[in-house]
Structures are given as structure tokens and as C-alpha cells.
Amino acid sequence: MNIPTKYQKKSFWIETFWAYMYLLPAFIILGVFVFYPVVKSFIMSFYNWDLIGTKTYVGLENYKELFKDKVFLKAIINTSYFVFVSVPITMCLSLFIAILLNTNIRARSWYRLAFFIPWITSPVAATMVWKWIFNYNNYGLLNYFLLKLTHLINWFAYIFTLGGVENWLSFSPINWLNNPSLTIPNLILLSVWKMMGYNIVIFLAGLQNVPTELYEAAEVDGASRWQKFRHITLPLISPTTFFISIISMIGAFKIFTQVFVLYSGTPGLDNSGMTMVFYVYDKAFGEWRMGYASAGAYVLFFIIFIFTLIQMQISKKRVHYS
Amino acid sequence: MGYQIKEKIVRFTVYLILTVGAVFVLLPFFWMLSTSLKIPSEIASMPPKWIPSKFMWENYKIAWNAAPFARYFFNSFYVAIACTFLELITSALGAYAFAKMDFFGKNVLFIIFLGTMMIPGEVLLIPNYITIIQLGWVDTYKALIIPWVVSVFGIFLMRQFFLTIPKELHDAAKIDGCSRFRFLWQIIIPLSKPVLITAALFKFVGSWNAFLWVLIVTNTPEMRTVPVGLSFFSSDVGTDYHLLMAASTLALMPILILFFFLQKQFIQGITRSGLKG
């Protein structure tokens, strides 16, 4: 049976033909809108072109100019700052929530839906609401909460010192959107809120695959909650964690809409919210420098590629597939 | 402390954390809804009013008529439904080939397909925009739909699910003289309902929420979808937050309703396919 007969060989090629027919629609679209543009974008990055005039070959000039441009460097720094703070926070918080949701609780699906809702909402509508929450002119929700929190802390201080300390803390409203050093933190807050639900759902799927017998065995051995988490949960969900970390990182590197909407079409004060995609968008569709913008997009691609490779290397050591 | 009391405290803490967390996560939506129903003088009131003293349902009518929202919604629905429907077809066909057929170059091709998931769409933005111009598709539905009717993620998701369908079923069907296409259409597809719903929802939501691409390839209000329309609306009405929030609420409703009814199947699709990593 292992030696292919003439008939089996023939049927293999017939199957190959049909397989390619089944893949044809996907092939055509990916070819036109993914494979071809990947190459074209790379070639374009060596040219100057404004979409109407002639293309001129400039070699590596676009790339050289990119790395001389302080705004582009700022875009790289801002984007990295955003990615490497928002992704770990989101992952830790959502793993924590997922573990809580995975305990034997009622109304699990309602809680899950509650956390999931931000993820399915349009980034434009969601950012619009946050813009309103960040508002400065005395009626922003965030400032109101911080004010209340200050009152609460002061009240506790007053009680604990038996009336000795009055108005320990004072709070003046923060102009969230007009402070350049707060631009990225604002985006991080917004993004943690928005992305958590997706991670929770995926983590839950991973957690449900951990066999309960392992926990029972550990309990017999007198393992603590932390030990069970550290030595059973964490290793067994490592493929899920790996998947989420890659997906989140790639997604976070591409942040655009939130900045665009939160700062009304600008990258924030002093380019404080200038991200790599914003930069590419601005150069391409603001200044019509298609070649230069393509070079910027390729640098972004390269950075994502490098970080994905690094993560894959780490995962080889840390991810345990059962 | 007894084991049972300790267990009760833990359970209480779990509920407390989850409830507080859920309240904070949903608060922005409640705030949006509440603002959308306020009279302008109440918007800026301090302390904030959580429940408007008078429910101004007219705000929705004013917002709806202040921009061609009917058109934006039609466009969004049309594009999202078309994208989802076509994507399900291309993904099911592709996933079937990868899961159930043995063919030349299968593994290499699969890796190439998966590799495209790593490419940031922004790298493709400029050349694709140029392609759209060359095809004369600027400001048409074609530009909004056709580039998005294939999703490698969808193919991957469905393949993982199709793989769990036993080979014996295929063999039995083959013996009974069932063609490949009929097998896919009449046996695999009905069995794969959860994963089809998951893939469809992912696509629908992605399509409904798409922003940058729509912003670039449309230039008349007639072709805008809800998110892009909303962002233009926001600069038009400026700080009329009650109108902005009314429009934002409207923009969220279709997706929320869809999820409310389909969340069970959606989660099932994720859990039962390979998405867990």
C-alpha cells in the first residue's frame, strides 16, 4: 500500500488540481492586494514619486532621510513606548480577569460580555467617548473621579489621624489632552480598556484546556494558589500567552485611529502622539510622498518582523506544547 | 478559619473584583448613553449628572439628520455583509483544501499564507491605493469590499476546525458517491456552524469598524461608512457632545445587538478551533 500505484499517482495530481481550484479565489485576491503590493511597496521605497509626476530613482536616500528626521525617530520612540507598556499591562490584567472568570462563578457569560464590549466597538466611537472622558473644562469624567478619589483619601486621613489631618491631598483638574507627556499614557489607558476583552476570551479558551486533575493532585500535595498558578497554569497556557503576545504586539505597533480621533486629525501637541502609522499616513496622504512613505512603512514592517522573531526565539525556550 | 469560610471569602472577593472591573469597563458606555440624552445645559454640570433630568430622545433625531447617517449606515451594512459573505466562501474553500486535501506544495503554501498575517496592512496601504486608482475604483463599493474578501485568519480558523472532523466521514461519503464539493457544502459546513459564526463575526466587526482604508479610498460623503462619517461629523458639530454621543451610540448599536445574540456561538467557535494557541 505504501508504494504509490499508477492510479494513486494520477489521483494525487487530480486532487492537486482541485485543491488549487479551491484556493484560486483566495490566491487571486491575496496576489493582487497582498503579495504584489508587498513587493511593489519595497521597490517604491527606492523612488521619489508624488503619484502624478515621474518616478525618480533615489536609491537609499529615502531611508537615510527617514533616520535623519527627528519626527520619524519620535514616531519610533512613541510607538515603542506605547507597545511595550500597553501590551504587558493588558496581558497581565486580562490573564487575571480570565483566571477569576474561570473559577466556578455564576453569570460568567455576562461578565465576559461586559469585558468584551469595548473590543467590538468601533475605535472611532470608543475614542470619541474617551475624548469626552478626558475633557478638561471642569466636566471631564476622569478629572471628576480623581477629585472624588482625593476626597476619599482625605476623608480616610482625617479619620485615621482622629481629625489631625485635614485636606491632606489637593487635586486640580488635569488637562489630559493638552499635555504632551500624557499623550501616550492616554492612549495606553484607552487601549488597555479596549483590548482587554479579546485577550480575556482567548485566555479563557486556553484555561479551559488545563486538566482539572492536575490542580486536584497539587491540592493533595498542599500546593498554594500561587504555586498552582506558577507551576501548572502558567506553563500549560504558555501557547495561548505566546499567541496573544504576538497578536497584541503586531496590533499595537499599528496604532493610528485612536490618535487620529483623540487629537482631531493631528498627532497631538508637539507630535507627542506621532506614531509610525500616523507618520506613514501623513507623508503619503498629506504630502503625497509615496516613495518616502513606503520606506517608512517598510521600516515599520522590519521592526515588527524583528520583534516577532525575538518572541519566537523566546517561545522556543518558554512555550510548552503538550 | 474553617475551609468553608475561607472559600466563601475568596468567592466574595472574586465577585467583587469582577463586578467593579465590569462596572468600570462599561462606565464609558453608560456615560455616552446618558450624555446622548441630556439637554445641552446639563452636559457640563458638575458633579456630573448620571441620569438626565429629562430624556431628550430628539437628540438622536437631530444627530441623525445633521449628517447623512442613513447613507453611512446603508454603506456600512452593505460593505460589511458583502465582505462577510464573500469571505466565508473564500475561506471555506481554502480551508477545505488545506484541511482535507492532499496536494503538491501544500505545506509551503500554507506557510506563505500564514506569513501574510505578519505583514502590517500599512505596508500595503500605498500600493493598494495606487492599484485602486489604476482600476478606477476610488469612491466605489468595489474598493471597500474586494480587497477584504479574503482573510488568511479566517482560512486558518476554519482549517483548524475542519481538521477535527473525522476522516472516516469523508471516506464514507466518498464510497456513497458524494463529490468533494457536496461533502464540503452538505456535511462540513453544517457541522462547522460555530466556527463559521466566529469567522463571520470577526469579519463583520472588522469591516464595520474599518477606518483608515475607508478614509483613504472614499472622497465623497455618499461613500463614507459609519466610522468615517462619525469622524467627519465630530469636526462638524465640534463640542456638541450630546449630538456626538447620540451618533456614537447609534454607531455601536448594530454590533452590540449582533453580539448580544451570537456571543455563545462566537465563544464556542474560538474555544473549539485552534485559536487557543
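In the predicted model, the second largest pocket is lined by 31 residues. Those nearest the pocket centre are A:Ile99, A:Thr103, A:Glu219, A:Arg225 and A:Lys228. Two or more lining residues come from each of α3 (70-101), α8 (212-220) and α9 (225-236) of chain A, and from α1 (3-36) of chain B. The greatest contribution is that of α1(B), with 8 residues. Sorted by class, the lining comprises 15 nonpolar, 8 polar and 8 charged residues. The volume of this second largest pocket is about 1300 Å³.

The contact between the two chains involves 97 residues of chain B and 98 residues of chain A. About 8800 Å² of area is buried between chain B and chain A, and carbon and sulfur atoms account for 80% of this area. The number of salt bridges between the two chains is 2. A salt bridge joins B:Glu7 to A:Arg225, with a separation of 3.6 Å between the closest N and O atoms. A:Arg225 is also among the residues that lie nearest the centre of the second largest pocket.

Within chain B, Phe232 was examined individually. B:Phe232 belongs to helix α13, which spans residues 226-237. The relative accessible area of B:Phe232 is 32%, and this residue is therefore classed as partly exposed, the range for that class lying between the 20% limit for buried and the 50% limit for exposed residues. Apart from neighbours within four places in sequence, the contacts of B:Phe232 are with B:Leu215 and B:Arg224. B:Ala67 is 165 residues away from B:Phe232 along the chain, and the C-alpha atoms of the two are 9.1 Å apart.

Note on methods. Residues are numbered from 1 along each chain as its sequence is written. Chains are lettered from A and ligands numbered from 1 in the order in which they are written. This is a predicted model: local features need pLDDT of at least 70, side-chain atom pairs count only at pLDDT 80 or more; totals for chains, interfaces and linings use all residues. Side-chain values use heavy atoms; hydrogens and water are left out. Helices (H or I, at least four residues) and strands (E, at least two) are DSSP runs, numbered from the N terminus. Buried means under 20% relative accessible area, exposed over 50%, partly exposed in between (1.4 Å probe, protein chains only). Contact means heavy atoms within 4.5 Å. On a 1 Å grid over the protein atoms alone, a cavity is a set of points where a 1.4 Å probe fits but cannot get out, and a pocket is an open set with protein on both sides within 12 Å along at least five of seven lines; lining residues have an atom within 4 Å of a point. Grid points are joined across faces, edges and corners, and a volume is the space filled by probe spheres set on the points. Ala, Val, Leu, Ile, Met, Phe, Trp, Tyr, Cys and Pro count as nonpolar, Asp, Glu, Lys and Arg as charged, and the others, Gly among them, as polar. Buried area is the accessible area (1.4 Å probe) that two parts lose on being put together, summed over both. A salt bridge is a side-chain nitrogen of Lys or Arg within 4 Å of a carboxyl oxygen of Asp or Glu.
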